[in-house]
Amino acid sequence: MAKTENQPIRFSIIRAKDAPDFAECDMMTQRPLTEVETEGSIAAHEAGMLEGATLRVLFQMPGMSLTHVWFKSGFPLPRHSHDTDCLYYILAGSLRIGTEELGIGDGFFVGAEVPYVYTPGEQGVELLEYRSSNAFDIKLLANNPNWWSKAVGTIAERRPEWDSEKPPSAMN
C-alpha cells in the first residue's frame, strides 16, 4: 500500500539489501565544531576513518528510525551526544562502554543529550540503533588534540586490516 503525505506508515517490510547508506538519508545535523574538533576530524577522515564504519538506514518515519551499524575493530568513535534517545542492541561482535564489556544480545540505552563513547571489540561490532526520531543532531565532545592524534594513529594502524575485515555476523 502506498503512503501519501498525510497517512502514517502502518506496516512496512524492511530489507537490508535496500537500505540506503546513512549519509544518503540526511537524518543527522551537526553543531559547529571547535577548532580542535575540525582539525582532528579532517585528519581522521584523511587517514581513512570512513573505511572503518558502515551505517545503513533500515527504516525511518517521523518519530522513529532504525539503523544497522558496523564499526570495524578498533574504530575510534569520538565522545558525543545526540538530541534524541537512542537504544542499541548488539547483533554480533562486542564493544566496551565504560568498564562494561557487552556482546551478542546485550544493549544499552542513552538518553537525549547524554555524552557517551564506546570501543568496538577485536572482531568489531554490529548493532541495531533505534532512535526516537528520524532527524537528530550529533554533538562531538572531543575537544582534546591528544584524543584526535591517538585516533589518527589507530586508524593508520587498523586501516590495512579493515580492507579485508568481515562483519562479525559473518564469522558466527
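1. Phe75 is buried, at a relative accessible area of 7%; buried here means under 20% relative accessible area, exposed over 50%, and partly exposed in between, with a 1.4 Å probe and protein chains only. Phe71 also counts as buried, with 7% relative accessibility. The two rings form a stacked aromatic pair, 4.7 Å centre to centre with 20° between the planes. Rings of Phe, Tyr and Trp (its six-membered ring) pair if their centres lie within 6.5 Å; planes under 30 degrees apart are stacked, over 60 edge-to-face, and the rest tilted.

2. This is a predicted model: local features need pLDDT of at least 70 and side-chain atom pairs count only at pLDDT 80 or more, while totals for chains, interfaces and linings use all residues. Residues are numbered from 1 along each chain as its sequence is written, and side-chain values use heavy atoms, with hydrogens and water left out.

3. Tyr88 and Tyr118 are both buried. Their ring centres are 6.1 Å apart and the planes stand at 65°, so this pair is edge-to-face. Tyr88 belongs to strand β5 and Tyr118 to the loop between β7 and β8, so the pair ties together parts 30 residues apart in sequence. Helices (H or I, at least four residues) and strands (E, at least two) are DSSP runs, numbered from the N terminus.

4. The count of aromatic pairs is ten. Ring pairs join Phe71, Phe75, Tyr88, Phe108, Tyr116, Tyr118 and Trp162 into a cluster.

5. The largest nonpolar core has 26 residues, and Phe71, Phe75, Tyr88, Leu95, Phe108, Tyr118 and Leu127 have the most contacts inside it. Such a core is a set of buried Ala, Val, Leu, Ile, Met, Phe, Trp, Tyr and Cys residues joined through side-chain atoms within 4.5 Å. Elements giving two or more residues to this core include α1 (35–47), β8 (119–131) and α2 (145–162). The most comes from β5, with five residues. A second, separate core of five residues includes Phe22, Cys25, Met27 and Val57.

6. The charged end of Arg131 sits over the ring of Phe136, 4.0 Å from its centre. The criterion is NZ of Lys or CZ of Arg within 6 Å of the ring centre and within 35 degrees of the ring normal.

7. An open sheet of three strands runs in the order β1-β9-β4, with mixed pairing; two strands pair if DSSP finds at least two bridges between them. β1 (28–30) and β4 (80–81) are at the edges with a single partner strand each, so one side of each lacks a neighbour in the sheet. β4 and β9 pair in the antiparallel sense over two bridges. Ser81 has Lys139 in β9 as its bridge partner.
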